[in-house]
Amino acid sequence: MSNQVTDMRHDASFAPPLGAEPGDWLALLKPRVVSLVVFTGAIGLLIAPGHINPLMGAIAIFCIALGAGAAGAINMWYDRDIDAIMRRTTTRPIPAGKIEAGGALGFGIVLSVISVLLLAMATNLCAAAVLAVSIFYYAVIYTIWLKRRTPQNIVIGGGAGAFPAVIGWAAVTGHIGLLPVVLFLIVFFWTPPHFWSLALYASTDYEKAGVPMLPVVKGARHTRWNVFIYTLILFPLALSPWLLGLTGWIYGATAFVLGAAFIYYAWGVLRDAQDEKGVSLSKDKPARAAFKFSILYLFLLFAACAVDRLV
Amino acid sequence: MMAAAKKDADYEKDRMPRVELTESQWSDEQKAEFLRRRRARNFLLLAALGGFCLMIYVIAMVKLHEYGQMW
């Protein structure tokens with residue numbers, strides 16, 4: 001340690017950091033994740049029965065985005081040690097030295113409080129309470145408690161991404177109905193095949209960081225089977241809003257086609273050419289395709305739900 | 001007495017010299033960049049604060065207009 005300090009002292013190029021750019025603070029909010037959250041939240045708002053003032057609706061979506069971003073900032077604060085190890089995350093503002101850890105935590109907490117208070121003011125206490133629970137779920141239950149403890153982290157943590165549709169619905173109605181609960185379950189069961197497809201080809205990063213993702217702990221073959229099984233469970237679940245009469249045939253037909261296509265992609269992951277240890281011989285081409293398709297799947301499924309309710 | 005003085009001398013020798021890890025080590029360009037970033041951050045904070053106040057105002061206006069009460 002003392003050598004390191006001495007080196008820094010004699011290094012003429014060493015200087016304290018210049019401070020963060022506004023873009024670095026924005027990066028703390030995980031804008032790409034937030035975009036999907038905004039989309040599912042907006043769908044929840046659109047499909048809910050009843051009326052909401054458009055301005056209040058826009059503020060509600062803004063609050064959902066702000067809350068999700070705040071949870072992302074707290075996640076980056078807690079994961080700063082492993083983010084510095086994983087290649088995919090080394091450029092994040094904290095490991096890159098652009099923002100101090102304490103600053104990121106404060107930023108996350110302040111934005112969390114603001115988003116919940118604003119949502120309570122603009123809509124109702126039910127929506128604000130669900131938003132608060134979703135922030136706690138992602139920041140504490142998933143990030144702090146589960147992520148580094150169990151290979152099932154993604155299964156239980158999937159709940160965090162499933163909340164926005166429920167919040168959107170609650171913002172309009174003031175309560176939680178059956179349809180948003182089913183949508184919650186769809187996102188919950190969609191998350192494992194989505195994330196494990198990614199983890200199959202990014203497992204070296206997770207292994208280096210000591211995160212017990214399923215491919216690291218149980219191996220690639222076991223993970224492929226899990227991707228396939230969860231996709232099979234997702235198929236009837238995604239059809240259930242139509243089977244229960246909560247949506248019409250537009251959603252039903254879309255869910256059927258998308259579900260069949262997702263099973264096809266998951267089957268490709270399962271049948272990928274592997275060596276005796278289960279390591280892909282095709283550089284995980286099917287897993288990459290399944291990961292990309294899973295994003296399209298959720299986007300189209302929720303869009304179909306909105307179209308179905310609005311037509 | 002001698003031992004204490006030696007201990008102090010050793011302590012001074014081992015101790016890190018006082019180094020100001022601040023702007024003093026920056027070049028003029030780095031100082032200008034630091035000031036630019038700090039100004040950008042301050043404007044952003046001001047805009048965020050203004051936006052927050054505006055949002056509360058809008059919420060209050062819409063709620064009072066639609067329901068005649070805030071809560």
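Biologist: What is the mean pLDDT of chain A?
Modeller: This is a predicted model. In chain A, 94% of the residues reach a pLDDT of 70 or more. The mean pLDDT of chain A is 90.

Biologist: What pLDDT does chain B average?
Modeller: In chain B, 68% of the residues score at least 70. The average pLDDT of chain B is 77.

Biologist: How many Å separate the centres of domain 1 and domain 2 of chain A?
Modeller: The domain assignment gives domain 1 of chain A residues 21-176 and domain 2 of chain A residues 177-311. Their centres are taken over C-alpha atoms. The separation is 22 Å.

Biologist: Which element gives the most to the side of domain 1 of chain A that touches domain 2 of chain A?
Modeller: The contact takes 27 residues from domain 1 of chain A and 28 residues from domain 2 of chain A. On the domain 1 side, the elements that give two or more residues are helix 3 (31-47) and helix 8 (153-173) of chain A. That side divides into 15 nonpolar, eight polar and four charged residues. The element that gives the most, with 10 residues, is helix 8 of chain A.

Biologist: Is the crossing of helix 3 and helix 8 of chain A left-handed or right-handed?
Modeller: These helices of chain A pack at about 35°, with axes 7 Å apart. Residues of helix 3 in the contact include V37(A), G41(A) and L45(A), and those of helix 8 include G161(A), A165(A) and V172(A). The contact divides into 11 nonpolar, five polar and no charged residues. Helix 3 of chain A passes helix 8 of chain A in a crossing that is right-handed.

Biologist: How is helix 9 of chain A oriented to helix 13 of chain A?
Modeller: Helix 9 (residues 178-209) and helix 13 (residues 285-310) of chain A pack at about 150°, with axes 8 Å apart. The cut-off for this class is over 145 degrees. So helix 9 of chain A is, to helix 13 of chain A, roughly antiparallel.

Biologist: How many charged residues are in the contact of helix 9 with helix 13 of chain A?
Modeller: Helix 9 of chain A passes helix 13 of chain A in a left-handed crossing. Helix 9 brings residues including W190(A), H194(A) and Y201(A), while R288(A) and F291(A) are among those from helix 13. Nine residues of this contact are nonpolar and three are polar. The charged count is one.

Biologist: How many nonpolar residues are in the contact of helix 9 with helix 11 of chain A?
Modeller: Helix 9 and helix 11 (residues 220-243) of chain A pack at about 160°, with axes 9 Å apart, and that makes them roughly antiparallel. Their crossing is left-handed. Among the residues in contact are F189(A) and W196(A) of helix 9 and Y230(A) and L234(A) of helix 11. Five are polar, none is charged, and the nonpolar count is 19.

Note on methods:
Residues numbered from 1 in each chain as written. Chains lettered and ligands numbered in written order. Predicted model: local features only at pLDDT ≥ 70, side-chain atom pairs only at ≥ 80, totals over all residues. Domains from an automatic or database assignment. Contact = placed C-beta atoms within 7 Å. Helix = DSSP H or I, 4+ residues; strand = E, 2+ residues; numbered from the N terminus. Nonpolar A, V, L, I, M, F, W, Y, C, P; charged D, E, K, R; others polar. Axes fitted to C-alpha atoms, helices over the stretch in contact; angles between N-to-C directions. Parallel < 35°, antiparallel > 145°, perpendicular 65-115°, else oblique. Left-handed = near helix turned anticlockwise from the far one by under 90°. pLDDT = per-residue confidence, 0-100.
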